[in-house]
Amino acid sequence: MRVSFPVDSEVRERLEQLEIPFNADGIDPFGVSKAYLGPSFTLLKFFFRRYFSVHTLGIEHVPQHGRCMLVGNHSGGIALDAAMVSASQFFEMNPPRLAHGMAERFLGKIPFASQLTHRCGHLTGLPEHAERLLAQDRLLMVFPEGARGTAKLFKERYSLVHFGTGFVRLAMKMKTPIVPFAFLGGGEAIPTIANAVSLGKLLGVPYIPVTPWVVALPIPARLDIIYSEPMTFEGTGFEEDDVVLAYVDRVKKRIADLIETGRRLRRGDVAQLTNSGPHAGVAGGAHT
Amino acid sequence: MKVLIPGVAGRLGKLVAERLVANGHDVIGIDRRAFPDAPAGVEVHEVDIRKRGAEDVFRRVRPQAVIHMATVTHLVRQSEDRYRINLGGTRAVFEHSRAYGVEHVVFVGRHTFYGAAADSPLFHSEDEPPVGIGSFPELADLVAADLYAGSALWRYPDLTTSVLRTVYTLGPTGHGTLAMFLRGRRVPTLLGFDPLFHFMHEQDVVSALVTTLEKRPRGVFNVAGPQPVPLSTVIRETGRTNVPIPEWVFPSLLGRFGLPKIPAGALDHIKYSVTVDASAFVQATGFVHEVDERGALRAFREAFPPAPPGASTNRAR
């Protein structure tokens, strides 16, 4: 069965520029498929460029080649944040980069969902997958808040919940720079007023976000993605918890600062960030 | 070198025997099946590996190396007999090998050892335990034979043991589980699932075995060639028709409407990926595969062209 979806010409061009070893059928060793990426980014392009008003800052901090981890906060009841960050890596990096997300484990059991996420590069969230992707010099997208983060309610939208330590250990073990980022506006696009846990269990997912208009369909809000300077932590990844926790806190603090900067930007307190600003790391022209 | 091959009459066994003879080795085969088309130069003994006659062959021939291929893998043959062959036969091979001065035993196992599950990682490494036995008890004897063979590494330290876990084979002889699954014109898949399938051309499997004989790597090794590809690609490139079936009706449709019959536990293997990391084998032996994934699929398709529509008596909807 082969269904063909229309693929945007810019997407087609950028797919060819991806530095990923696709075989002649357009499939890489992890099963990432051009046939899925094409329609997926065509759809994302509409949301990224037209539907939402996405402001990206500091994308120059993301290395053009080589392994890297994008580490940021969750914002929005569904994977809107991951989708837009991956769109920003695909449409705003030159050459474009494919950001691999780590899919929630429950997705693997759901027909179509597992197939779509996997073919688009979002493997099941296992440490083995993260290590293998980084070993192949890929770009990994990590949300250390996990599912707790996507479950944030509207009033909690600018807060950060508990960060796991696994991502820092992974970065140390795999000698990978971390590019912290903040994502703002997901809470406005999908204002979660409650999470239906029982209904979610019935459907085989952790919860269903409920919005004032009941379903989690996003409204065309303003979204901000702010990347900052890479952070590198020397070590093996097998250090004591207190050592690793200190690094985790530094990343978390940086992301909290970025969120604060983003809020001021959104309020119009500052027009544009400069190198001399309080968060010099994020300096860079605004890309819209 | 004198090489003894228990299970020589299988399709892969024959290919290995042919290659070894061509490379100038003395090849002695054991099989309880008749082997009328044995390659010239191969000494064949029609005897069960577990019987006295097999031990006599070890004693008389005194092989330097043994490639153990006498395992029953057809999952349709589910019987006590299969368990006895796979476990008793493997035990006999190692005991005779130690008793009669064999230097190197190669156990040819399968990558399905690792099992298929939603939360199991891609590219298994050799130190991972098997997880699939719970959902697929039919695999238990093959998993046990693999682990038993691995235990020879510490039980018989003087004997060099190579336990190989090879990915699916595909090629013109139609050998192997994947080839059996693809034999018909229509291939059933689970609607909404498209796992990666890891396979290599049968001649590359033969090359891997011959390389193992030459380099004598000690330990357990995954053996693979080209990258895995989605099952849907396998079906398309072999000219078959993909028949996606919702999971809840799947069991009742197997074996009907021209669809192959597979055990219920095997469903996980067409639902989730089983792929392996074969870098340790490459590092230990320098093995390089020759045929890429498209070449292997093409070779199978040319040898087994899909039957024209209407050739099968049952028409699927």
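How many residues of chain A are in contact with how many residues of chain B? Here are some notes on that and on the two chains themselves.

This is a predicted model, in which local features need pLDDT of at least 70 and side-chain atom pairs count only at pLDDT 80 or more, while totals for chains, interfaces and linings use all residues. Residues are numbered from 1 along each chain as its sequence is written, and chains are lettered from A and ligands numbered from 1 in the order in which they are written.

1. Let me start with the interface. 21 residues of chain A are in contact with 18 residues of chain B; a contact means that the C-beta atoms of two residues, placed from the backbone, lie within 7 Å. On the chain A side, the elements that give two or more residues are α4 (113-119), β4 (123-124) and α5 (127-135). Helices (H or I, at least four residues) and strands (E, at least two) are DSSP runs, numbered from the N terminus. The largest share, three residues, comes from α5(A). By class, this side of chain A has nine nonpolar, seven polar and five charged residues. In that count Ala, Val, Leu, Ile, Met, Phe, Trp, Tyr, Cys and Pro are nonpolar, Asp, Glu, Lys and Arg are charged, and the others, Gly among them, are polar.

2. Now chain A as a whole. Chain A has 10 helices and nine strands, and its C-alpha trace spans about 55 × 45 × 40 Å along the principal axes. Of the 288 residues, 45% count as buried. A residue is buried if 20 or more other C-beta atoms lie within 10 Å of its own, exposed if 12 or fewer, and partly exposed in between, with C-beta atoms placed from the backbone.

3. The chain A sheet deserves a look. It is an open sheet of seven strands with mixed pairing, in the order β1-β9-β6-β2-β5-β3-β4; two strands pair if DSSP finds at least two bridges between them. At the edges stand β1 (53-57) and β4 of chain A, each with a single partner strand, so one side of each has no neighbour in the sheet. Strands β2 (residues 68-72) and β5 (residues 139-142) of chain A pair in the parallel sense over four bridges, and A:Leu70 has A:Met141 in β5(A) as its bridge partner. Helix α10 (residues 241-267) of chain A packs on this sheet, touching β2, β6 (178-184) and β9 (222-227) of chain A, and its direction makes about 40 degrees with that of β6(A). Axes are lines fitted to C-alpha atoms, for helices over the stretch in contact, and angles run from 0 to 180 degrees between N-to-C directions.

4. On to the core. Of the 152 residues in the largest nonpolar core, A:Met69, A:Leu70, A:Phe181 and B:Ile67 touch the most other members. Such a core is a set of buried Ala, Val, Leu, Ile, Met, Phe, Trp, Tyr and Cys residues joined through C-beta atoms within 7 Å. Leaving aside neighbours within four places in sequence, the contacts of A:Met69 include A:Leu140, A:Val142 and A:Phe167.

5. Chain B has 11 helices and 13 strands. Its radius of gyration is 19 Å, close to the 20 Å that the globule rule gives for 317 residues, so chain B is as compact as a globular protein of that length. Of those 317 residues, 48% count as buried.

6. Finally, the chain B sheet. Seven strands form an open sheet with parallel pairing, in the order β3-β2-β1-β4-β5-β6-β11. Its edge strands are β3 (42-46) and β11 (219-223) of chain B, each with a single partner strand, so one side of each has no neighbour in the sheet. Both faces of β4 (residues 65-68) of chain B are covered: B:Ala65 and B:Ile67 on one side and B:Val66 and B:His68 on the other are all buried. B:Val66 stands opposite B:Leu4 and also opposite B:Val105 in β5(B). Further along, β6 (residues 160-166) and β11 of chain B run parallel, joined by five bridges.

Definitions and conventions: Rg over C-alpha atoms; globule rule 2.2 N^0.38 Å.
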